[in-house]
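Let's walk through this structure together, one piece at a time. Keep the sequence beside you as you read.

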Amino acid sequence: MPQCIRIHPADNVAVALCPIPAGTRLSLEGRAVQVREDIPQGHKLALAQIAAGENIIKYGYPIGHAASDIPPGAWVHTHNVRTNLSGEVEYTYAPDVRPLSPVPPETFQGYRRADGRAGVRNELWIIPTVGCVNDCAKALAAENQSLVSGSIDGLYAFPHPFGCSQTGADHAQTRRLLAALARHPNAGGVLVLSLGCENLTHEQFAEELGPYDPARVKFLTCQDVEDEMETGGALLAELAAHAGQARREAVPVCELVVGMKCGGSDGLSGITANPAVGRFSDMLCARGGSTILTEVPEMFGAEGMLLGRCQSRAVFDKAASMLNGFKEYFLAHGETVYENPSPGNKQGGITTLEDKSCGCVQKGGSAPIVDVVGYGEQVHARGLNLLNGPGNDLVSATALTAAGAQLVLFTTGRGTPFGAPAPTLKIATNTPLAEKKKGWIDFNAGTIADGSQSIGEAGAALYALVLDVASGKQTRTEQKGYREISIFKDGVVL
C-alpha cells in the first residue's frame with residue numbers, strides 16, 4: 001500500500017493515505033522527500049519548498065496560499081495555509097463539454113406510478129403542514145404499522161417545526177418543499193396532515209401540489225374531526241389499499257434519479273469515495289439516467305472544475321447566478337463566504353473551503369451539466385444536474401429527495417446515522433470507519449486508498465449496489481428506520 005498520493009501532476013502537496021511518522025523517507029514519482037513531522041491520515045505534506053504567499057496546489061487547483069514559508073516534507077494545514085476566497089466572482093463561460101459515450105441501460109425492479117414515473121420504494125408518507133401536528137403524525141405512523149405488508153415497504157411520518165408564523169418567501173419555501181415531497185414517486189400513498197388554523201392552509205397546499213390522484217393523496221384537517229387518530233387511521237387504510245396494488249417490475253435505469261451528498265468529510269473524501277461516486281454518476285448518465293450534485297457553498301473555489309462543463313450558455317448563466325446568489329446570502333448575514341469546513345473536516349485533513357470543494361465536486365464525475373434546479377424544484381433534464389441548496393447534511397439530503405432523487409448517495413469520512421426520506425446509502429472514505437461503523441456504512445470506498453481497488457472498480461461495484469438498493473435491498477438507515485426531513489429557512493428564496 002502506498003503511503004501517500006499526489007493527485008495531479010501540478011500539485012505541490014501529497015496526501016497521506018495512512019499516518020506517516022516524522023523521519024520517514026518517501027519516494028514519490030522519482031522525488032525523494034524527508035518527512036519533517038508526523039502527518040495524520042488524510043492530511044497534506046509539502047513536496048517542495050513553498051514560499052509564503054505561494055499557492056498550495058491540490059487536484060491541480062489552488063486550495064489556498066502559504067501563510068509562511070513551508071519546507072519540503074512539512075505538514076501543510078490550517079496553521080500555515082490561508083484561503084484565497086473572498087466575495088462574488090465574475091465568471092466567464094469557457095465551454096469544455098465532453099459528452100459521455102451512450103451505453104444501453106440495464107433495468108432495476110421498481111414501482112411504476114400512474115403518472116409514468118418510477119419509484120424504488122412503495123411507502124406511505126404522513127406529511128404535516130405545520131409543526132403543531134407533529135406528534136399526531138408520529139402517533140398515526142406508530143399505531144398503523146400493521147398496514148406495512150405485501151408490497152408496502154414502510155409507513156413514515158416527517159415532522160418539522162414550520163408551517164405557521166411565516167410570511168413571504170420563507171412561507172413559500174416551506175410550502176414548495178413539502179408539496180415536492182408529496183409528489184415523490186417512492187410514496188405510494190400520502191396523508192397531508194393539517195391542524196386547521198396555520199398559515200399553510202389546506203387550500204394553499206393543494207394549489208402548490210397541483211393536479212393529484214385523490215386515491216394516492218388524502219388530506220386531514222385535525223380541527224375538523226372529532227378523533228383525528230380514528231379518521232387518520234381510516235384514511236391511511238384507504239391509502240394502503242391503493243398503494244398495495246403496486247408490484248415491482250422491470251424499469252430501465254435511465255429513469256433513475258440519484259442524489260449525491262457528502263458530510264463529515266476527511267482528507268480522503270476527494271481521493272476515494274467522492275471519485276467513486278463520480279464514476280457511478282458517469283455510468284448512470286451514460287445510460288440516460290440522472291444525478292444531482294448540491295451543496296453550493298462546497299462548490300466555492302472549485303468552479304473551474306464545473307462551469308466549463310455546462311452544456312449551454314443558458315445553463316452556465318443559471319449556475320453562475322446560483323453561486324453568486326449563495327455568496328450574497330452569506331454576505332447579507334455578515335458571514336464570511338469561506339468559513340465552511342467544520343472542526344471534524346479540519347481534523348480529517350481538510351484545510352480550506354477550496355480544499356473541501358475540490359474534493360466535494362469529484363462526485364459530479366465528468367458528465368456535462370444539463371441543468372440547474374432551484375430549491376424545492378424537481379429535476380426534468382436527464383444527466384448531471386446542479387441543485388441550489390446549502391451544505392447542511394439533512395437540509396440538502398431533504399432537498400435532493402424533493403428534487404426527485406429516488407435514493408441518495410452519502411459519502412463520509414467520519415460517519416453519520418441519519419437517513420433522508422429517500423433511501424440513503426452511506427459510503428465510507430476509509431476502511432477504519434467502515435469496519436468500526438458497520439451499522440452505518442453500506443459501502444467501503446477506503447479500498448481505493450488501501451490499494452485493493454481502483455476508482456473505476458469501486459465505481460462499478462457502487463453502481464451494482466445502487467441497482468440492488470433500487471430493486472429493494474435496504475440500506476443501513478432503512479434497517480434502523482431512520483428517516484428525517486429538514487427545511488432551509490431564511491426568507492430568501494433559493
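Strands β21 (residues 407-412) and β22 (residues 424-428) run parallel and are paired over five bridges. Strands are DSSP runs of E with at least two residues, helices are runs of H or I with at least four, and both are numbered from the N terminus; two strands pair if DSSP finds at least two bridges between them. At one of these positions, Thr 412 has Ala 428 in β22 as its bridge partner. This is a predicted model, where local features need pLDDT of at least 70 and side-chain atom pairs count only at pLDDT 80 or more, while totals for chains, interfaces and linings use all residues. Residues are numbered from 1 along each chain as its sequence is written, and side-chain values use heavy atoms, leaving out hydrogens and water.

Now step back to the whole sheet. Seven strands form an open sheet with parallel pairing, in the order β19-β20-β18-β17-β21-β22-β23. At its edges are β19 (369-373) and β23 (443-444), each pairing on one side only.

Next, look at the charged side chains. Asp 371 and Lys 318 form a salt bridge, with their closest N and O atoms 2.7 Å apart (a salt bridge has a side-chain nitrogen of Lys or Arg within 4 Å of a carboxyl oxygen of Asp or Glu). Because Asp 371 lies in strand β19 and Lys 318 in helix α7 (residues 313-332), the pair ties together parts 53 residues apart in sequence. Asp 371 is buried at 17% relative accessibility, whereas Lys 318 is partly exposed at 38% (buried means under 20% relative accessible area, exposed over 50%, partly exposed in between, with a 1.4 Å probe and protein chains only).
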